[in-house]
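Reader: I have a new model open. Please walk me through how to read it.

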Amino acid sequence: PTGTRTMRSPAAILFLLAVLVAGAGAAFAFGSEKPPTVAVGVVMPADPRGPMLARFAVLVYGLSRNAKLTYAGVSGVDQRPDKAGIRYQMVVTAVEDGGATAKYRAVIWGVPETSRWTLLQFKRVN
């Protein structure tokens with residue numbers, strides 16, 4: 001014979017196939033924008049997005065109302081699954097233009113790991 005053929009073992013082929021499938025699955029999951037699937041009534045773990053979403057709320061409210069607010073803090077972050085996303089409710093502390101500090105109740109809805117976020121409510125708390 002003019003050429004040499006190497007015979008590959010079925011185990012080596014299966015290993016290579018498993019590596020390719022695992023890599024493709026990880027790449028698909030990384031680029032996926034599907035919201036997390038959470039069963040109704042399940043308590044969700046604490047989410048570190050609270051301060052980021054509070055800053056988002058202050059910024060969006062300030063821009064929409066032409067109000068000069070500066071983020072100062074957040075407390076009482078609560079999250080619940082809602083319509084293929086997550087609804088966050090929190091108390092945001094902001095410094096107003098005159099230097100007075102005020103607390104606001106903010107409600108934000110969004111889909112984690114995407115750019116789909118909406119400020120639903122930003123109300124001053126007495």
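Author: Begin with the elements: helices (H or I, at least four residues) and strands (E, at least two) are DSSP runs, numbered from the N terminus. This chain has 2 helices and 4 strands. Along the sequence they follow the pattern α-α-β-β-β-β. The model is predicted: local features need pLDDT of at least 70, side-chain atom pairs count only at pLDDT 80 or more, and totals for chains, interfaces and linings use all residues. Residues are numbered from 1 along each chain as its sequence is written, and side-chain values use heavy atoms, with hydrogens and water left out.

Reader: In which sense do S2 and S3 pair, and over how many bridges?

Author: Two strands pair if DSSP finds at least two bridges between them. S2 (residues 85–95) and S3 (residues 101–110) pair in the antiparallel sense, over 10 bridges. Met 90 stands opposite Ala 106 in S3. The hairpin of S2 and S3 has 5 residues between the strands, and Gly 99 takes a positive phi near 100 degrees there.

Reader: How many bridges join S3 and S4?

Author: S3 and S4 (residues 117–125) pair over 8 bridges, again in the antiparallel sense. Trp 109 has Thr 118 in S4 as its bridge partner. This hairpin has 6 residues between its strands, and Glu 113 in the turn has a positive phi of about 70 degrees.

Reader: Now the aromatic rings. How many aromatic pairs does a search of the whole structure find?

Author: A pair of aromatic rings is described by the distance of the centres and the angle of the planes. Rings of Phe, Tyr and Trp (its six-membered ring) pair if their centres lie within 6.5 Å; planes under 30 degrees apart count as stacked, over 60 as edge-to-face and the rest as tilted. The search of the whole structure finds 4 aromatic pairs. One of them is Tyr 104 with Phe 122, stacked at 4.6 Å centre to centre with 20 degrees between the planes. The pair links distant parts of the chain: Tyr 104 is in S3 and Phe 122 in S4, 18 residues apart. Tyr 61, Tyr 104 and Phe 122 form one aromatic cluster.

Reader: Is Tyr 104 buried or exposed?

Author: Buried means under 20% relative accessible area, exposed over 50%, partly exposed in between (1.4 Å probe, protein chains only). Tyr 104 is buried, because its relative accessible area is 5%.

Reader: What share of the chain is buried?

Author: Buried residues make up 25% of the 126 residues.
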